[in-house]
Amino acid sequence: MKNSYLISFIFLLAISAFSQIGLSVRLKRIQSENDISFVVDTLKIYKDNLPFKNIPYPDSFALYENVPNAEYKFCFNNIFGEKIEKTITLTETNNILGWQEINLYVDQLQNPSSKKLFIKNLKDNETLIIKLKSSGCFNSGVDSIKIYKKDNKFLLKYKRKNRKLKTSDIEVIEMYENELRNLAKVNFVSTSNGFNEIILNEEKFSYTEPSFFWGGFDILKKRLKLK
């Protein structure tokens, strides 16, 4: 009887050791469909705290294969230069569920700082200008949004349209400025570029964006429903 239990125990251990789970690891954006390969250098994957795979310049699907049961940790830098870690544990339960898809988002700012935001310091009768100058082989131009404050109310002017801003609109603008101020420096060049600039009185903040890898100005317009 003891031998029978021992054999069963060894058999279960063997199944556990060699069982494979389908794992899909995908790098994605929450706000944009822009290519992530420009901004994610290397995805490091650890299995039970030991190096498992290094995937340099990963595309949207960074991993798509069968892997053994274990604890997996995924490490990468997002477009704001923040070190991101995500850990999951794969067990027999995951086998029942089938393929496991893990989404790693590269455009989520983890630690925004609002102390220096122009939109936070905008006073009555002042105007905040949000500007994008685009340049490229086939297209170039300038687009801008003006935010001003009057009687303690926020108003927006875009092209010939004016409107009062809601609290949710202000939050969207805060998110845009926070992201702009936290974008990491990049070491690639492109034939198409965006020069992002925010201006309040004599103060300016700017960022040159190769290949529009962030796309924040267009995201801002979409969220504010500007056409």
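About 60 Å³ of space lies in the largest cavity of this predicted model, a cavity being a set of points, on a 1 Å grid over the protein atoms alone, where a 1.4 Å probe fits but cannot get out, with its volume taken as the space filled by probe spheres set on the points, which are joined across faces, edges and corners. The structure holds one cavity of 30 Å³ or more. Its lining, made of residues with an atom within 4 Å of a point, consists of Q31, V172, M175, Y176, E179, W214, G216, I219, L220 and R223, and the elements that give two or more residues to this lining are α4 and α5; helices (H or I, at least four residues) and strands (E, at least two) are DSSP runs numbered from the N terminus. Residues are numbered from 1 along each chain as its sequence is written. Because the model is predicted, local features need pLDDT of at least 70 and side-chain atom pairs count only at pLDDT 80 or more, whereas totals for chains, interfaces and linings use all residues; side-chain values use heavy atoms, with hydrogens and water left out.

Two of the cavity-lining residues, Y176 and W214, are both buried, that is, under 20% relative accessible area, as against over 50% for exposed and in between for partly exposed (1.4 Å probe, protein chains only). A search of the whole structure finds three aromatic pairs, for which ring centres of Phe, Tyr and Trp (its six-membered ring) must lie within 6.5 Å, with planes under 30 degrees apart counted as stacked, over 60 as edge-to-face and the rest as tilted. F61 and Y64 form an edge-to-face pair, at 5.9 Å centre to centre and 80 degrees between the planes; F61 is partly exposed at a relative accessible area of 37%, and Y64 is exposed at 55%. The rings of Y176 and W214, by contrast, have centres 5.4 Å apart and planes at 25 degrees, so this pair is stacked. The latter pair links distant parts of the chain, with Y176 in helix α4 and W214 in the loop between β13 (203–210) and α5, 38 residues apart.

In helix α5 (residues 216–224), the buried residues are G216, F217, I219, L220, K221 and L224, and the helix is followed by K225, whose phi is positive, near 60 degrees. K221 counts as buried at 16% relative accessibility; residues up to four places away in sequence aside, K221 touches D143, I145, Y158 and L226, contact meaning heavy atoms within 4.5 Å. The C-alpha atoms of K221 and I145 are separated by 8.8 Å, although these residues lie 76 apart along the chain.

The largest pocket has a volume of about 480 Å³, a pocket being an open set of points with protein on both sides within 12 Å along at least five of seven lines. Of the 23 residues lining this pocket, V39, V40, D41, T42 and N77 lie nearest its centre, and β2 (42–47), β5 (70–77) and β6 (83–90) are the elements that give two or more residues to the lining.
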